[in-house]
Amino acid sequence: MQKRIDGKIALVTGASRGIGAEVARLLAGRGADVAINFRSKSSRASAIADEVRARERRALPVQADLTDASGVQQMMQAVGKEFGRLDILILNASGGLEKDKPASYAMDLNLTAQVQTLSAALPLMPAGGSIVFVTSHWAHFYGQKPVYPAYENIAASKKAGEKALQERLPDLSARGLRLAIVSGDIIDGTITPKLLERSQPGLMAARRDAAGELPTVQEFAIAIVDAAADSAEPTGRVYFVGSTD
């Protein structure tokens, strides 16, 4: 049975499309009010906000480039002004395949921005809150298992981000906050595998043959929301979605 989170306040980064958008919908469906972070696609974020409101929950589209520390602070101020607190932080936004970004962008977003977003959120988060870091098996197992060359920079940066967040566990525990990590196989229908297919045609078919089946966006999003809602689980738990072989 899906656990309700009625009255909770959630912020989802990278929520204007894909996994983040589905997480926002599911959070609202379970009773949470949702702040929908987006970097540039305001119309998409507004559409997701409308879907949240259709579920009779409050919604706040909030723009911020997570690599801009001042923008992140302004986002948290907006969340605090609208809702007064933050119970659930979903660190979903990631990147590294963009062609118009510097070589450092993967680390800037997947490591530095994750830590600064968490730090900016902490003053709003009362005891009992949850932080969920969304990652991939390629990143979680980086250094232990092979990774596709085109994804290596992302895997390394997201692994570094995960490690940096885990290093915050003592402080988070002292504040009464939980950290959960949700790691997924290639998620069918998302943008990353589509981009990787351009440099390595057949990647999706090969992985599907090896794994048997690939998780869907909805299945992955459900796992993320379950991790946020599962307050009885110990902090630092890693939830795996899809085959890890």
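Guide: Let us begin with glutamate 22, which counts as buried because its relative accessibility is 14%, below the 20% limit for that class. The model in which this residue is seen is a predicted one. In general terms, side chains of opposite charge can pair when their charged atoms come close.

Arginine 25 also takes part in a salt bridge with glutamate 51, at 2.8 Å from N to O. This second pair joins distant parts of the chain, since arginine 25 belongs to helix H1 and glutamate 51 to helix H2 (residues 42-54), 26 residues apart. Glutamate 51 has a relative accessible area of 27% and is therefore partly exposed. Taken together, Glu22, Arg25 and Glu51 are linked in a network of salt bridges.

The whole structure contains 13 salt bridges according to the search. Another pair is formed by the side chains of glutamate 233 and arginine 237, where the N to O distance is 3.0 Å. Glutamate 233 is classed as partly exposed because its relative accessibility is 25%. Arginine 237, at 32% relative accessibility, is likewise partly exposed.

Methods:
Residues numbered from 1 in each chain as written. Predicted model: local features only at pLDDT ≥ 70, side-chain atom pairs only at ≥ 80, totals over all residues. Heavy atoms only, no water. Salt bridge = Lys/Arg side-chain N within 4 Å of Asp/Glu carboxyl O. Buried < 20%, exposed > 50% of the residue type's maximum accessible area, 1.4 Å probe, protein only. Helix = DSSP H or I, 4+ residues; strand = E, 2+ residues; numbered from the N terminus.
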